[in-house]
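The stops below are given in the order in which to select them.

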Amino acid sequence: MSWTSVFGIAIGLSMDAFAVAIATGLALAAVTPRHVFRLAFHFGLFQFMMPIIGWLAGQTLASCIERYDHWIAFAMLICIGGKMLFESVLGTKEEATADPTRGFTLVTLSIATSVDALAVGLSMGLLGVSVWSAAAVIGLVAGVLTMIGIRFGSRLGPRWGRGAEALGGAILVAIGLRILVSHLAA
C-alpha cells in the first residue's frame with residue numbers, strides 16, 4: 001500500500017475525531033492545554049490500536065475468504081464512508097456533558113471515533129497489507145487533527161465539522177472504489 005493511500009486513509013479516518021474535537025471545543029467554556037492533550041492522546045491512541053486489532057482479526061480470516069477479500073474491503077469502506085456522508089448530511093449533533101475530555105465520556109468518544117479504524121484494519125488484514133506503519137500514521141494524524149479541531153472548534157463553527165466528516169467519508173468511499181477497481185483489473 002502506498003504512502004499516499006495510507007495518508008488518505010488516515011485523513012479519512014481522522015475526520016470523525018476532528019469533527020468531535022470541534023464539537024468538544026465548542027462545548028467547553030475555555031479550552032486548556034490539558035483538554036487538548038487528553039482528547040488528542042486518547043483519540044490518537046485508539047485510532048492507532050483499532051487498526052491493529054482489526055488487522056489481527058483479518059489475518060485470521062484471510063485464508064477463509066481470500067477469493068472475496070477485495071469485495072469485503074470495498075463493502076466495508078463504502079459502508080463506513082457512506083455512513084459518514086449520511087451523518088454529515090443529516091447533521092446529527094451529539095449533546096455534550098460537563099467535560100467530554102474526562103472519564104467515561106472520553107473513553108466512549110475514543111471508541112466511537114475509532115470504530116471505522118477497526119474496519120479498515122480488518123480490510124488491511126484481508127488484503128495482506130502490513131498494518132504497523134499505517135496504524136502509526138493513522139494514530140498520529142488523528143492526534144494532530146484532534147489538537148487542531150479542539151483548538152479552533154469555537155472559531156470554526158458546527159458547519160465546518162459536518163463538512164470535514166463528509167470529506168472523510170468521500171475519501172473512504174474513493175479508496176474503497178480504488179481497491180475494487182485495482183483487484184478487478186488484475
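The model is a predicted one.

**Stop 1: the aromatic pairs**

Display the aromatic side chains. There are two aromatic pairs to find. Start with F37 and F41, whose rings are stacked, with 5.6 Å from centre to centre and 20° between the planes. Both residues belong to helix α2, which spans residues 33-61, and because they are four residues apart there, about one helical turn separates them. Colour the two by accessibility. F37 is exposed, at 55% relative accessibility, which is over the 50% cut-off. F41 has a relative accessible area of 42% and is therefore partly exposed.

Next select W55 and W132. Their ring centres are 5.8 Å apart, and the planes meet at 70°, so this pair is edge-to-face. Which parts of the chain does the pair link? W55 is in helix α2 and W132 in helix α6 (residues 132-156), so that the pair joins distant parts of the chain, 77 residues apart. The accessibility of each tryptophan is also worth a look. W55 is buried, because its 14% relative accessibility falls under 20%. W132, at 48%, is partly exposed.

**Stop 2: the nonpolar cores**

In soluble globular proteins, nonpolar side chains tend to be buried together. Here the largest nonpolar core has 25 residues. Select I9, L13, V120, M124, V131, V141 and L145, the members with the most contacts inside this core. Helices α1 (3-27), α2, α5, α6 and α7 each supply at least two of the core's residues. The largest share, eight residues, is from α1. Another core lies apart from this one; it has 10 residues, including A17, A21, L28 and V36.

**Stop 3: the cavity**

Rolling a probe the size of a water molecule over the atoms shows where empty space is left. How many cavities of 30 Å³ or more are there? The count is one. The largest cavity holds about 50 Å³ of space. Select M1, I9, L77, V120, S123, M124, L127 and I179 to show its lining. Helix α5, residues 115-127, gives the most to this lining, with four residues. By residue type, the lining consists of seven nonpolar residues and one polar residue, with no charged residue.

**Stop 4**

I179 sits in helix α7, residues 158-185. Is I179 buried or exposed? I179 is buried, because its relative accessible area of 10% is under 20%.

**Stop 5: I22 and G153**

Finish at I22, in helix α1. I22 is buried, with a relative accessible area of 1%. The C-alpha atoms of I22 and G153 are separated by 3.9 Å, while the two residues are 131 residues apart along the chain.

Note on methods:
Residues numbered from 1 in each chain as written. Predicted model: local features only at pLDDT ≥ 70, side-chain atom pairs only at ≥ 80, totals over all residues. Heavy atoms only, no water. Buried < 20%, exposed > 50% of the residue type's maximum accessible area, 1.4 Å probe, protein only. Phe/Tyr/Trp six-rings, centres within 6.5 Å; stacked < 30°, edge-to-face > 60°. 1 Å grid on protein atoms, 1.4 Å probe; cavity = no way out; pocket = protein on both sides within 12 Å on 5 of 7 lines; lining within 4 Å. Points joined across faces, edges and corners; volume = space filled by probe spheres on them. Nonpolar A, V, L, I, M, F, W, Y, C, P; charged D, E, K, R; others polar. Core = buried A, V, L, I, M, F, W, Y, C linked by side-chain atoms within 4.5 Å.
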